[in-house]
Amino acid sequence: MGRSIGRLERLAYERAQRDAQEGSARGLHFDDDAADHAINFFEHYLHHSKGEWSGQPFVLAEWQRWLVGQLFGWKRADGSRRFRVAYIQTARKQGKSTIAAGIALYCLIADREPVAEVFSVATMREQARIVFDEACRMVEKSSDLNKEADVFRHAINVPSIGGVFKPLS
């Protein structure tokens, strides 16, 4: 028996299908290499940091692969990303903080954007630290990311590009 989807999820899938068919007329294209690069970053460099999967590679669930592919694969005519903001809503214990930490680390490290600035923001610093702390643990569990980034109490720095990730309230 298949899993039912919600109205907003259905609309997102329908939008993606429309974009695949009609996006070029609006100056949009899907960059398979960019989508694969982001997905591969998760699956090759990130590891779960707690719970029953602690230490295991972050193999994305199907919905997560689709999400990451959509966010990083769709481009505008000038080559910039189509999506700059994403609203992600799932039930409790579905990995929202984990995927948010992975997306933050991708933007900080794998984009290779000079002086990248990434922030985890919430009304209270403790809330903002949830995603930030998960990202810190991911860096610490990855020998490759550990070479790229320095983890501090209130920031992750990437000296080679001058990038920083901080929690803010």
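At the start of helix α2, a side-chain oxygen of aspartate 31 comes to within 3.1 Å of the backbone nitrogen of aspartate 33. This contact, like every feature described here, belongs to a predicted model.

Helix α2 itself covers residues 32-45, and its 14 residues should span 20 Å at 1.5 Å a residue. The C-alpha atoms at its ends are 19 Å apart, which agrees with that expectation. Several residues of α2 are buried, namely Ala34, Ala35, Ala38, Ile39, Phe41 and Phe42.

Four strands form an open sheet in the order β3-β6-β5-β4, and their pairing is mixed. Because β3 (117-121) and β4 (150-151) stand at the edges with a single partner strand each, one side of each is left without a neighbour in the sheet. In general, the strands of a sheet pair through backbone hydrogen bonds, either parallel or antiparallel. The pairing of β4 with β5 (residues 156-158) is antiparallel and comprises two bridges. Within β5, isoleucine 156 is the bridge partner of valine 151. Helix α5, residues 125-141, lies across β3, β4, β5 and β6 (163-168). The direction of α5 makes an angle of about 145° with β6.

The loop between α4 and β3 contains valine 115. The phi angle of valine 115 is near 55°, a positive value in a residue other than glycine. With a relative accessibility of 52%, valine 115 counts as exposed, because the threshold for that class is over 50%.

These parts can finally be placed within the whole. The protein has six helices and six strands, which follow one another from the N terminus as α-β-α-α-β-α-β-α-α-β-β-β. Its radius of gyration is 17 Å, close to the 15 Å that the globule rule gives for 169 residues, so the protein is as compact as a globular protein of that length. Along the principal axes, its C-alpha atoms fill a box of roughly 45 × 40 × 30 Å. Of the 169 residues, 38% are buried. Among contacts in the protein with a separation of 6 or more, 64% are between residues 24 or more positions apart.

Note on methods: Residues are numbered from 1 along each chain as its sequence is written. This is a predicted model: local features need pLDDT of at least 70, side-chain atom pairs count only at pLDDT 80 or more; totals for chains, interfaces and linings use all residues. Side-chain values use heavy atoms; hydrogens and water are left out. The expected span of a helix is 1.5 Å times one less than its number of residues. Buried means under 20% relative accessible area, exposed over 50%, partly exposed in between (1.4 Å probe, protein chains only). A polar contact is a pair of N or O atoms within 3.5 Å; within protein, one must be able to donate a hydrogen and the other to accept it, and residues adjacent in sequence count only if both atoms are side-chain atoms. Two strands pair if DSSP finds at least two bridges between them. Contact means heavy atoms within 4.5 Å. Axes are lines fitted to C-alpha atoms, for helices over the stretch in contact, and angles run from 0 to 180 degrees between N-to-C directions. The radius of gyration is taken over C-alpha atoms; the globule rule is 2.2 Å times the number of residues to the power 0.38.
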